[in-house]
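Let us go through this model by question and answer. The sequence and structure come first.

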Amino acid sequence: MTTILVYRDGAMREADAVDPAWLNPGAPEIVWVDIATPGEAEKRLLSETFHFHELAVEDAVLELHHPKIETYGGLLYLILHGIVAGKKHQGFETRDIDYFLGRNYLVTVHHHPSRSIAAERETLKRHGALLGEGACSLLHRLVDRLVDHYGPEVDALEERLNAIEQRVFGHGKRNPLRDILRLKSDIASLRRVTLPQRDAVNRLSRREFAEIPEQLAYRFRDVYDHLVRLADEALFLQDRVTGLLDGYLSLQSNRLNQVMKVLTVITTIFMPLTVLTSLYGMNVELPHLPFGIKAQFWWVVTIMLATSGAMLWFFRRKDYL
């Protein structure tokens with residue numbers, strides 16, 4: 001599906017096809033072409049109508065690519081990742097959006113629905129004059145919206161981390177190890193996206209490209225600052241979840257040591273009791289204790305209780321228990 005918006009003479013309209021005259025040097029139109037789920041027809045549009053470099057077109061039709069920024073003559077090619085909540089609100093997914101920025105046009109390519117693109121399209125329907133600010137201004141608004149959507153997902157990661165911490169240190173019965181590892185993977189994915197994305201936007205803010213005017217470079221600097229904060233939060237969350245994992249494993253090790261200590265004490269106490277009952281269970285004549293044959297059982301029970309009590313007192317004194 002391809003959506004074409006054209007601004008000319010103070011009005012914006014939606015077109016059915018791209019007129020090659022719009023791409024001529026000095027053409028007054030401002031054009032935004034949004035391509036969702038590109039196929040062969042859209043690929044021909046990029047290569048034959050816009051004459052984009054074949055490597056850039058090949059990257060654009062791929063469903064997943066790492067964030068980056070490149071130039072091809074007077075064309076600026078940018079890949080950024082949008083973020084959406086995962087299935088059943090667990091974790092998140094990142095989906096790349098490709099941007100082709102020319103003098104008076106912007107082409108966006110994506111394989112999945114984009115909240116930032118949909119919101120900007122609705123805004124332009126109400127305020128079409130915004131498209132007249134230029135293709136670069138449109139790019140800034142799209143990137144700014146895309147980065148803003150990261151905030152709620154990062155907050156959700158922090159809430160999950162807080163909940164798991166309460167379970168770990170609150171002695172919950174459910175094993176949280178799987179949730180910790182899943183959260184650790186999500187945070188690693190966030191860092192893997194935000195770091196190269198931060199570097200790409202930083203290049204836009206440094207006035208490194210002639211396609212980015214000075215005034216818009218300052219706006220991209222604000223977006224860059226937002227990405228820096230996100231990258232720092234992702235690093236902080238990664239440190240927290242790593243510490244939580246280490247703490248949980250240490251806690252489980254300590255619990256196991258306590259259990260082994262109790263079992264060892266029980267085994268040690270029963271060792272002399274086993275020897276005593278084995279002796280009196282032998283089918284041979286043994287020395288009898290006073291008060292007759294009926295009192296022998298109670299003598300054995302008393303000796304066993306006294307031995308157990310003495311051993312427990314000794315273990316307690318030595319802080320074994």
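**Sheet, salt bridges and surface**

A hairpin joins S6 to S7 through three residues. Helices (H or I, at least four residues) and strands (E, at least two) are DSSP runs, numbered from the N terminus. This is a predicted model: local features need pLDDT of at least 70, side-chain atom pairs count only at pLDDT 80 or more, and totals for chains, interfaces and linings use all residues. Residues are numbered from 1 along each chain as its sequence is written, and side-chain values use heavy atoms, with hydrogens and water left out.

Me: In which sense do S6 and S7 pair, parallel or antiparallel?
Reply: Two strands pair if DSSP finds at least two bridges between them. S6 and S7 have five bridges. Leu101 has Leu106 in S7 as its bridge partner. The sense of the S6 and S7 pairing is antiparallel.

Me: What is the bridge partner of Ile35 in S7?
Reply: S3 and strand S7 (residues 105-110) pair in the parallel sense, over six bridges. Ala36 stands opposite His110 in S7. For Ile35, the partner in S7 is Val109.

Me: Which strands stand at the edges of the sheet?
Reply: The sheet is open, with seven strands and mixed pairing, in the order S2-S1-S3-S7-S6-S5-S4. An edge strand here has a single partner strand, so one side of it is left without a neighbour in the sheet. The two are strand S2 (11-15) and strand S4 (68-72).

Me: How many residues of S7 are buried?
Reply: Buried means under 20% relative accessible area, exposed over 50%, partly exposed in between (1.4 Å probe, protein chains only). Tyr105, Val107 and Val109 point one way from S7, while Leu106, Thr108 and His110 point the other way, and all are buried. S7 is therefore largely enclosed by the rest of the structure, with a buried count of six of the six.

Me: At about what angle does helix H4 run to S6?
Reply: Axes are lines fitted to C-alpha atoms, for helices over the stretch in contact (heavy atoms within 4.5 Å). Angles run from 0 to 180 degrees between N-to-C directions. Helix H4 (residues 135-148) lies across S3, strand S5 (75-85), strand S6 (92-101) and S7. Its angle to S6 is about 175 degrees.

Me: How many residues apart are Asp34 and Arg121?
Reply: A salt bridge is a side-chain nitrogen of Lys or Arg within 4 Å of a carboxyl oxygen of Asp or Glu. Asp34 and Arg121 form one, with the closest N and O atoms 2.6 Å apart. The pair links distant parts of the chain, Asp34 in strand S3 (residues 30-36) and Arg121 in helix H3 (residues 115-126), and the separation in residues is 87.

Me: Is Asp9 buried or exposed?
Reply: Asp9 forms a salt bridge with Arg8, the closest N and O atoms being 3.7 Å apart. Arg8 counts as partly exposed because its relative accessibility is 42%. Asp9 has a relative accessible area of 72%, so the word for Asp9 is exposed.

Me: In which helix is Val262 found?
Reply: Val262 is partly exposed because its relative accessible area is 40%. Leu256, Val259, Met260, Val262, Leu263, Ile266 and Phe270 make a nonpolar surface patch of about 640 Å². The helix that holds Val262 is H7 (residues 214-280).

Methods. Patch = residues over 30% accessible without salt bridge, like charges linked within 9 Å, V, L, I, M, F, W, Y side chains within 5 Å. Areas by Shrake-Rupley, 256 points an atom, 1.4 Å probe, with all protein chains shown as cover.
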